[in-house]
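I opened the notebook to log a few look-ups on this entry.

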Amino acid sequence: MSEYLTVVDHPLVLHKLSLMRDVNTPTKEFRLLLKEITLLLAYEITREMPMTTQQIETPLEVMDAPVADGETIALVSILRAGNGMLDGVLELMPNAGVGFVGLQRNEETLQPEQYYFKVPARLDERVVIAVDPMLATGNSSVAAIDLLKQAGARDIRFLCLLAAPEGIARMQEAHPDVHIVTAAVDRGLNDKGYIMPGLGDAGDRMFGTV
Ligand code: URA
């Protein structure tokens, strides 16, 4: 745990994560587990979310009650696996604006390039929560955050399910202001860039494209 990294090692999260890691867990259950864990992680990432007050009447008197200001949140999915985390966050913050960033690797330069970018307006006034289940090399996550900053985002948090130490280091170097929340930090990457022991390709497992 540190200023830039929060590992939510709650027993419920760890239990569900173990089920997700299991190669025998079917697609439908994998998706449901991802949604459930995301909800628990989102609880943590919204600990310091913007609040406002609203006057309400209790049975006894009028009070200024604290209420969450969901409209000041922008939730951004890094395609395609990030989509598996949208529902979990939206369940907690149904008024959040939703955006999408699509990146693909240029096979000549090997750098991630944008193929889709659509985000809510006034990004500079919002808390931006970027979601992608796997922080592996960090290349695409860092590139996505670059684009969000170019679009004006200033307060960005990164929500993932699993992180590799290499990805955390890369993100911290490129974007030291971005707080990472994850369920676990695994051992490291294999020579194909997969997180070990990991859970395989998150997109394939959630969309059944294995
Ligand atoms: N992306 C995945 O889906 N899985 C990994 O292990 C690494 C990147």
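**Entry 1: the hairpin.** I began with strand 5 and strand 6, which form a hairpin with six residues between them. Leu110 sits in the turn and has a positive phi of about 65°. I note here that the model is predicted.

Entry 2: I checked Leu75 and found Val98 as its bridge partner in strand 5.

Entry 3: I followed the chain into the loop between strand 4 (73-78) and helix 3 (83-92), where Arg80 lies. The peptide bond from Leu79 to Arg80 is cis, with omega near -5°. I flagged that bond for the log.

Entry 4: Next I looked at the loop between strand 6 (112-118) and strand 7 (127-131), which holds Arg122. Phi of Arg122 is near 50°, a positive value in a residue other than glycine.

**Entry 5: strand 11.** I asked which strands run parallel to strand 11. Strand 1 (residues 5-7) is one of them, joined to strand 11 (residues 179-182) by three bridges. Strand 9 (residues 155-159) is another, and three bridges join it to strand 11. I picked one bridge from each pairing. Thr6 has Val181 as its partner in strand 11, and Phe158 has Ile180.

Entry 6: I then traced an open sheet of three strands, with the order 8-10-12 and parallel pairing. Strand 8 (134-135) and strand 12 (184-185) are the edge strands, and each pairs on one side only. Strand 10 (residues 162-163) pairs with strand 12 over two bridges, in the parallel sense. In that pairing, Ala163 has Val185 as its bridge partner.

**Entry 7: the ligand shell.** Which residues are around the ligand? I listed Met134, Ala136, Gly193, Tyr194, Ile195, Gly200, Asp201 and Ala202. By class, the shell has five nonpolar, two polar and one charged residues. Met134 belongs to this shell and falls in the range of edge strand 8 (134-135).

**Entry 8: contacts and cover.** I looked up the backbone contacts of the ligand. One of its oxygen atoms is 2.8 Å from a polar backbone atom of Ile195. A nitrogen atom of the ligand is 2.8 Å from a polar backbone atom of Gly200. At Ala202, a backbone N or O atom lies 2.8 Å from a ligand oxygen atom. How much of the ligand's accessible area does the protein cover? The protein covers 82% of the 240 Å² that the ligand has on its own. I also checked the pocket list, and the space taken by the ligand is the largest pocket.

**Entry 9: a cis proline.** My last stop was the loop between strand 14 (195-196) and helix 6 (202-207), where Pro197 lies. The peptide bond from Met196 to Pro197 is cis, with omega near 0°. Ile195, listed around the ligand, falls in the range of strand 14 (195-196). Ala202, also in that list, falls in the range of helix 6 (202-207).

Notes. Residues are numbered from 1 along each chain as its sequence is written. This is a predicted model: local features need pLDDT of at least 70, side-chain atom pairs count only at pLDDT 80 or more; totals for chains, interfaces and linings use all residues. Side-chain values use heavy atoms; hydrogens and water are left out. A residue is near a molecule or strand if one of its heavy atoms lies within 4 Å of it. A polar contact is a pair of N or O atoms within 3.5 Å; within protein, one must be able to donate a hydrogen and the other to accept it, and residues adjacent in sequence count only if both atoms are side-chain atoms. Accessible areas come from the Shrake-Rupley method with a 1.4 Å probe; for residues, only the protein chains shown count as cover. On a 1 Å grid over the protein atoms alone, a cavity is a set of points where a 1.4 Å probe fits but cannot get out, and a pocket is an open set with protein on both sides within 12 Å along at least five of seven lines; lining residues have an atom within 4 Å of a point. A molecule sits in a cavity or pocket if more than half of its atoms lie within 2 Å of its grid points. Ala, Val, Leu, Ile, Met, Phe, Trp, Tyr, Cys and Pro count as nonpolar, Asp, Glu, Lys and Arg as charged, and the others, Gly among them, as polar. Two strands pair if DSSP finds at least two bridges between them. Helices (H or I, at least four residues) and strands (E, at least two) are DSSP runs, numbered from the N terminus.
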